[in-house]
Amino acid sequence: MRLYYFPDACSLVINIALRAAKMRFELIEVDYVTRRLHDGSDFSRINPMAYVPALQLSDGRCLTEVIAIIDWIDLAAPEAGLLGAQGTHKRQEAMTWLALVGTEIHKSFSPLFRRDTPHEFLAPGQRHLKKRLSRTEQKLSEQHYLCADTPTAADYYLFVTSRWMGDSGLSARDWPAIQAHAARIESLGIVQDALASDLQ
Ligand SMILES: N[C@@H](CCC(=O)N[C@@H](CS)C(=O)NCC(=O)O)C(=O)O
């Protein structure tokens, strides 16, 4: 299996999830600017959208979209607890948070560090992101993880997005519960290993 990634991007969520599921994989870095691989080949031949993550399976199929890839890993390795057991309240909650982080939080961060975003957008964009983060901050001031007492893929995803605060003009000090959550997630062995492989 091959995971295509940019350093410190949402592909890190899949890197962590694959480790939680004890799956073996190879990491292939994509150049952010050229969207080419180290051998010069064009990444859009792997993922026509030319964004990460993309997970190429040993049978040649290529999976894309964070939530869909998490679902595939969870089906293959439910014991990793990425989403909770089928039909349970925990799974419903985990899916809700995964979608909220993916569509509302991740996609509110993205324009804040895109190079072509007009400067006038930054202040309203930050205000919008803060509204989207406030429910999460409140939730994490009441409990250690988004869905009760063990981390799910939604926690890994929130952890990855919280690393983008500085580049987006937000101060981590304004989000103490999210920061404490990030520290808890970062202390996990699988996350340490994922970070070491992602940033080398
Ligand atoms: N909808 C996609 C979004 C993926 C995404 O936004 N990836 C970012 C990195 S965090 C990216 O590759 N951005 C470059 C681009 O959009 O061209 C998913 O869920 O996988």
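Trainee: What percentage of the 200 residues of the protein count as buried?

Mentor: A residue is buried if 20 or more other C-beta atoms, placed from the backbone, lie within 10 Å of its own. Here 32% of the 200 residues count as buried. Keep in mind that this is a predicted model, where local features need pLDDT of at least 70, side-chain atom pairs count only at pLDDT 80 or more, and totals for chains, interfaces and linings use all residues. Residues are numbered from 1 along each chain as its sequence is written.

Trainee: How many helices and strands does the protein have?

Mentor: Helices (H or I, at least four residues) and strands (E, at least two) are DSSP runs, numbered from the N terminus. This protein has seven helices and four strands, in the order β-α-β-β-β-α-α-α-α-α-α from the N terminus on.

Trainee: At what angle do the axes of helix H3 and helix H4 cross?

Mentor: Axes are lines fitted to C-alpha atoms, for helices over the stretch in contact, and angles run from 0 to 180 degrees between N-to-C directions. For H3 (residues 89-113) and H4 (residues 122-142), the axes cross at roughly 160° and come within 9 Å. H3 is therefore roughly antiparallel to H4 (the term covers angles over 145 degrees).

Trainee: Which residues of H3 and H4 make the contact?

Mentor: Two residues are in contact if their C-beta atoms, placed from the backbone, lie within 7 Å. H3 contributes Glu104, Ile105, Ser108, Phe109, Pro111 and Leu112; from H4 come Leu122, Gly125, Gln126, His128, Leu129, Arg132 and Leu133.

Trainee: What does the C-alpha trace of the protein span along its principal axes?

Mentor: The trace spans about 45 × 45 × 30 Å.

How values were computed. Angles under 35 degrees count as roughly parallel, over 145 as roughly antiparallel, 65 to 115 as roughly perpendicular and the rest as oblique. A residue is buried if 20 or more other C-beta atoms lie within 10 Å of its own, exposed if 12 or fewer, and partly exposed in between; C-beta atoms are placed from the backbone.
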